[in-house]
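Ready for a couple of exercises on a sheet and the domain contact it takes part in? Have a look at the model, then work through the tasks.

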Amino acid sequence: MYEHDVLIIGGGLAGLRAAVEVTRAGADVAVISKVHPVRSHSNAAQGGINAPLTDRGDDWEGHAYDTIKGSDFLADQDAVEVMSSEAGEAVLELERMGVIFSRGEDGKLGTRAFGGQKVARTFFVGAITGSAILHVLFEQSLKLGLNVYEEWFVTKLIIEDGVCRGVVAIDLKSGEMHTIRAKAVIMAAGGAGRVFEPSTNALICTGDGLSLAYRAGVPLMDMEMIQYHPTTLARTGILMSEAARGEGAYLLNASGERFMEKTAPDYMELASRDVVSRAEQTEIDEGRGIDGNVLLDLRHLGRSFIEAKLGYLQEVSVEFLGIDMAEQPVPVQPGMHYIMGGIKTDVNGATNVPGLYAAGECANVSVHGANRLGANSLLDTVVFGRRSGVHAVEYIKGVGAHSKTEGDLASEKARLQALLDRPKGERVATVRGDMARGMTKGIGVFRDQASMEGALENLNNVKSRMGGFSIENKGKVFNTDLMFGLELEFMVDCADAVVAGALTRKESRGAHFRTDITERDDKNWLKHTLMYQDDEADNGVRVETSDVKITQWEPVKRVY
Amino acid sequence: MPDAKQGTKQETMHVNLKVKRYDPADSGGKTWWQEYEVDIHPDSTVLDALIEVREQNDGTLAMRCACRASICGSCGMKVNGSAKLVCKTRAIDVSPNGEQMTIEPMGNQHVVKDLVVSLDTFFAQIKRVEPFLQPDHVPAQGEYIASNASMENLLTSMNCIMCGCCVSDCTVLEVDSNFIGPAALAKAWRFTEDPRDGKRDERLKMLNDEDGGMWDCTRCMKCVDVCPKGVAPMDRIMELREAAIQAGNTNTPGYHHTESFYNSVKKNGRLDETRLAIDSAGWTNLPRLLDLAPIGIAAMRKGKLPPLFPHKAEDHKKVKDLYESVEGESK
């Protein structure tokens, strides 16, 4: 019998930060994750974490405005105010836990420049900031003796009378299924990058958390807002941090021109990501690229600087493409990287289902709106991870005994057994590949009605095949084959919401750029899209909208 | 846009893999070798080949992988007998002429299934070094003040992604499972070198005194060789030893061994192995000396006992000069 006051799904930055908070409050907490915490995708964040440190003269309103402008005014301004005003303390606390942030001459934390901001307020550890923070939070979890269900895969949230009461999960090592009861559940299960192909995301980023909440009746918000990162390594799709441009790298086309001059004369390479990705794609589409890429040029920064500040990028470039960045520019292209959309929460991480909280990439508070600024994702995880922890602890004070329900375990066992018992059919990878390539094709850097309808048609074809794929591995121990089948079902839910959101939004805003409606339309579309799973609705998705919260910054035209 | 990913090269490479399989469910555990052949892009990694196998040939093959970018540490396994992170190992580098490559689970760790090993061994070692910052004081506000150089120094160890390759191929762990291991010692170094940590002396003493601690490394260099992230755990262990000695931890077999080695070569120009064994054990440490006796007797019977009073090497004066010039430099 497994019972906890608070169960956190996901062991990345948001999950571990929430766990630290709940432990400090004296409640019984456990983390459950399909991978060991240090394998989480937070690792992949390279460039840094933003924070306006007010104790040395930066003002949080400046960071808030840059974030809101970056979001193309789709972020809820009350949420951004919370994030920006709590950012400084959040980052300083990470330092005090042991993160080895880069320093200035005075021994205090040093910064680098990042996209969409004129003030250098990005704190960093080389080009491994996410990994360096994740490992320190893991250290803290060991210090606190945190209980972790490592390599357990959640298949269902237990919802009783509309309240979240725990999860059903499979222990991958034994193959046994269990109920874990909890008075509150915090979803911190990461993004859904693998809904697209290619993507910078780890193979584990399959939208599990988004889908679990969506199936439990929580709306997914602004799912059409997909971030294409401007610099992913040619062929491999591996992320090349924005830190390269933050430290002064150029983007060049085939003729060696810094093409950002045309679209962002003021910010140049450090315009917001959606703007840079579109500029690159335009160069490539109009024949000024090189084999589908543009060039990221760091040569003028010098070898010693590159190795000290951007060592991981040099490592990747040499290992994967055989290119020494000090000698040669690296070919890069836009690549799917992040999903701004996610589980709708308030500023405390609460969803519309009592007892269910969400934080990190799977959540949408919303602070990123239609385009996230680089180095704001790490900030989002620690600020809202902490807040979810605080409020989950408050919430459980009003919850009595644990639920006694057994029904979900039995029905989940039956569902998984039926999946295993299917006759031989298509391979999971085949169906997944068709889904993901169709999503990238239709919901890309540029999109229009026809491309999005193409994505819908492709997705409907994929959905018609979901009953026909089969699981080759019938064993119990470490049956990843079965897990991939379940992940595919999660991804299809996410894809549903992405396509529905995209087809609903009749304007261009941030990452949602329609070549057939190129203007932002604040009169009709200063709104969030809210996708509910609903069998009765077209394509199984009911779409509603809600107003964006504006506090002190009226939307203006976005110019970089 | 997926097509644009292909770049200029379109040809494929034929990869021939021989994978060590293990199924714990099959009547108490069954191990066998299985061969696979796949075609992949010539720039692909060994991981790409294995994913191709798993997705298109054999869904029963179990392995871990996540980021594909050498940062999550999931995909450590043995390739042709040596631990590697397969996501950063290009297939063409392993088998330039299409030779068959063998893939096995990492060593020194319990196999769960196929290429998946239990993480328990690795993390139990990590936990032994109290792997979290233990400061004397916490600033009331703001951050600790520390030099950038001191933080960049720690990057060496913070680059560790806990993939377990060093533990897999550690030759000490192969014979002594009580050794704290290279990864955990490199992690410990991250705290002894951190100017914010307040437990440096306690940590060094613990790692010095503990059974299986810093002196159990035999300096085989295997961990330096296989570490995919440049952590060079053995170098960190040597720095720990130096720091431990400087902090006054000199009453250990490890220190006596080092000291005896140093003195013997300085004096004779060669190693006095008999004396080394006795010095390391300690002249008054009777139980340990008695342990050594049977080894000595067996060696004597085979005529392999080193001379009790070794001759000096012919050019021992040159060796002494070397010592003096090096020591002069370091002063």
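**Getting oriented**

Chain B splits into domain 1 (11-117), domain 2 (120-246) and domain 3 (253-330), with bounds from an automatic or database domain assignment. This is a predicted model, where local features need pLDDT of at least 70, side-chain atom pairs count only at pLDDT 80 or more, and totals for chains, interfaces and linings use all residues. Residues are numbered from 1 along each chain as its sequence is written, and chains are lettered from A and ligands numbered from 1 in the order in which they are written.

**Exercise 1.** Work out the strand order of the open sheet in chain B.

*Solution.* 
- Step 1: the 5 strands run β2-β1-β5-β3-β4, with mixed pairing. Strands here are DSSP E runs of at least two residues, and helices are H or I runs of at least four, numbered from the N terminus; two strands pair if DSSP finds at least two bridges between them.
- Step 2: β2 (30-40) and β4 (82-85) of chain B are the edges, each pairing on one side only.
- Step 3: zoom in on β3 (76-79) and β5 (101-104) of chain B, which pair antiparallel over 2 bridges; Val79(B) has Ile103(B) as its bridge partner.
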